[in-house]
Amino acid sequence: MNEAPEHSKKRQKTCLQVATNVTEQKHHVTRETRGKNLGLCRGFRGCTVWLTGLSGAGKTSIAFELEAYLVSRGIPAYGLDGDNIRTGLNKNLSFTPADREENIRRVGEVAKLFADSGVVAICSFVSPFADDREMARKIHKDAGLKFYEIFVDTPLDVCETRDVKGLYKKAREGVIKGFTGITQEYERPQHPELVVNTDGYTVRESTQLLVTLLEQEGIIPRSLRDVDQLPELYPSEASEADALRHEAKSLQALEISTVELQWVQVLSEGWAYPLRGFMREDEYLQTLHFNTLQSGLDVSYRENHSVPIVLSASAEDKQRLEDASALTLNYEGQAVAILRRPEFYYQRKEERLARQFGTSNPQHPYSKQVLESGEYLVGGELAVIERIRWRDGLDQYRLTPNELRSRFKELNADAIFAFQLRNPIHNGHALLMQDTKRQLLERGFKQPVLLLHPLGGWTKDDDVPLQVRMAQHQAVLDAGVLRREDTVLAIFPSPMMYAGPTEVQWHAKARMNAGANFYIVGRDPAGMPHPDKQAYPDGNLYDATHGARVLKMAQGLDSMEILPFRVAAYDKTASRMAFFEPQRKDDFDFISGTKMRTLAKTGASPPDGFMEPQAWKILATYYQNLPQA
């Protein structure tokens with residue numbers, strides 16, 4: 001080989017300088033999540049989104065939020081962050097003008113390869129020089145690929161207040177030379193595709209501007225658009241409710257049960273969106289066979305929906321009502337809703353039970369209700385006369401998905417992790433929730449918020465009643481075991497079905513509709529003992545690990561990350577609940593539900609550190625006042 005010219009040798013020597021003022025940025029999307037969703041959305045969408053602006057402007061936060069948004073909707077995307085690139089591909093480059101140009105050239109070429117493969121490349125680089133950014137654009141233009149320059153126009157004084165790395169301080173002290181915005185000029189883009197000002201806006205609000213641009217450009221299909229406000233099926237004006245009441249009086253009526261009224265509430269508040277009423281037969285079949293629903297006219301995307309939400313009718317009801325264009329739903333003689341364009345179809349009960357529950361055993365608690373219901377199902381769109389209220393002293397906890405979304409916004413939440421439960425909270429649960437928050441903070445989220453969301457619909461007779469559970473949960477909050485400042489305690493109105501891995505998908509999907517993007521799942525979620533204790537070796541209806549495993553594979557839950565439940569037990573050496581360590585298993589005691597109930601009924605106290613004392617007192621009082629069998 002010919003020896004390099006002298007000026008080239010000098011440049012090579014300069015390139016060996018290593019940048020030390022960089023920090024690796026953690027992605028919000030795990031490799032597992034990315035692999036599960038890659039390419040679910042049909043069509044070529046490869047392009048490059050180039051975010052430019054001062055250090056601290058918010059480029060990386062927006063880039064990773066956009067990346068998570070796209071990947072969750074099946075659009076392959078990858079964030080190329082300036083600090084990450086400089087710790088790997090470009091670690092031999094300094095911050096001289098020549099090396100900065102080479103840095104952008106290399107990134108432009110890499111982004112082009114990503115875009116050419118069908119991936120949305122999201123580049124977050126200060127890239128202060130207009131010529132360098134134009135070079136990156138030309139690389140894409142020459143390859144016939146779309147390139148979007150996004151100017152994150154955040155004022156310098158705001159950027160300095162966000163200086164968690166201390167770079168501006170070092171630059172003003174002269175420790176860092178050639179720092180953009182202090183001793184190095186930033187050349188503002190003259191004709192960017194979009195200008196984003198992050199001052200006074202949340203990361204999600206800023207990212208939404210990019211989402212809108214990519215929708216307009218056809219990169220994001222409009223069918224995947226987020227719904228800011230879920231449609232609610234009851235009127236907001238009293239005059240509309242009066243009109244519905246007047247109409248209901250003129251229609252033939254169908255009496256519904258308490259559980260069916262709970263489903264009316266679920267549907268009307270938007271938990272089951274995009275369902276707008278009780279399932280018609282096609283929707284019922286999709287749910288029963290695929291655990292999903294077709295999303296509008298876009299057959300390439302399916303919403304997760306794993307449980308039938310149906311209304312039963314007797315043969316006599318069908319004969320009386322099947323020619324009606326609408327009918328009134330009555331609960332305890334009072335009109336609660338109108339069902340429009342009713343469609344009656346036969347209910348094959350054994351098939352439904354076998355597919356939904358994995359058994360048609362009549363001793364399964366929810367199966368009993370199905371077997372005792374009418375021979376037919378009737379579907380149709382709902383117009384609910386007014387919001388469902390139970391007037392049991394707990395309605396203030398029954399927040400709708402839209403109300404929860406508003407509450408999370410008030411709290412400035414950038415991560416919402418949901419915890420579903422139908423049992424009292426012990427300190428092991430609290431440990432799990434505290435540890436989840438810790439993990440989210442370590443991943444770069446600033447304000448994770450817990451949605452503590454006990455199930456509030458029908459449960460089997462031996463479960464602790466909702467009134468007692470809510471008082472117990474409130475005592476846990478009052479004691480400071482969980483922080484009020486970043487915990488929202490609310491009631492999930494769905495009935496419990498005890499359908500294991502099938503039902504846990506419904507629990508996750510409903511919380512996703514409420515704005516949650518993380519879901520904690522434990523062992524044997526929605527499970528129960530098999531009615532026939534001899535059916536399986538462990539005596540349970542479902543495998544304890546299947547719920548969590550199914551959730552991670554389920555279609556249509558792509559914008560929610562599933563967080564596995566770490567097993568906690570009572571550590572006898574420390575007198576507290578702790579995560580179980582198999583290597584010292586003899587130090588741990590697993591306090592089962594049966595043992596807990598026995599302690600409560602007999603007036604005995606659990607070990608110190610098992611449950612907050614006032615919370616235990618509430619639970620023990622309930623069990624001690626139960627009638628003796």
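Domain bounds, as used here, come from an automatic or database domain assignment. This is a predicted model, in which local features need pLDDT of at least 70 and side-chain atom pairs count only at pLDDT 80 or more, while totals for chains, interfaces and linings use all residues. Residues are numbered from 1 along each chain as its sequence is written, and side-chain values use heavy atoms, leaving out hydrogens and water.

**View 1. The domains of the protein.** The assignment gives domain 1 (31-217), domain 2 (238-384) and domain 3 (395-625). Taken over C-alpha atoms, the centres of domain 1 and domain 2 are separated by 48 Å.

**View 2. The largest nonpolar core.** A nonpolar core is a set of buried Ala, Val, Leu, Ile, Met, Phe, Trp, Tyr and Cys residues joined through side-chain atoms within 4.5 Å; buried means under 20% relative accessible area, exposed over 50%, and partly exposed in between (1.4 Å probe, protein chains only). Here the largest core has 76 residues, and W263, F278 and W506 are among those with the most contacts inside it. Helix α11 (residues 258-269) supplies the largest share, 6 residues. Helices (H or I, at least four residues) and strands (E, at least two) are DSSP runs, numbered from the N terminus. Because domain 2 and domain 3 both give residues to this core, it lies between them.

**View 3. Helix α3.** This helix (residues 59-72) has 14 residues. Of these, 12 are buried, so α3 is largely enclosed by the rest of the structure. Among the buried residues you can look for F64, L66, Y69 and L70. After α3 comes G74, with a positive phi near 80°.

Conventions: The expected span of a helix is 1.5 Å times one less than its number of residues.
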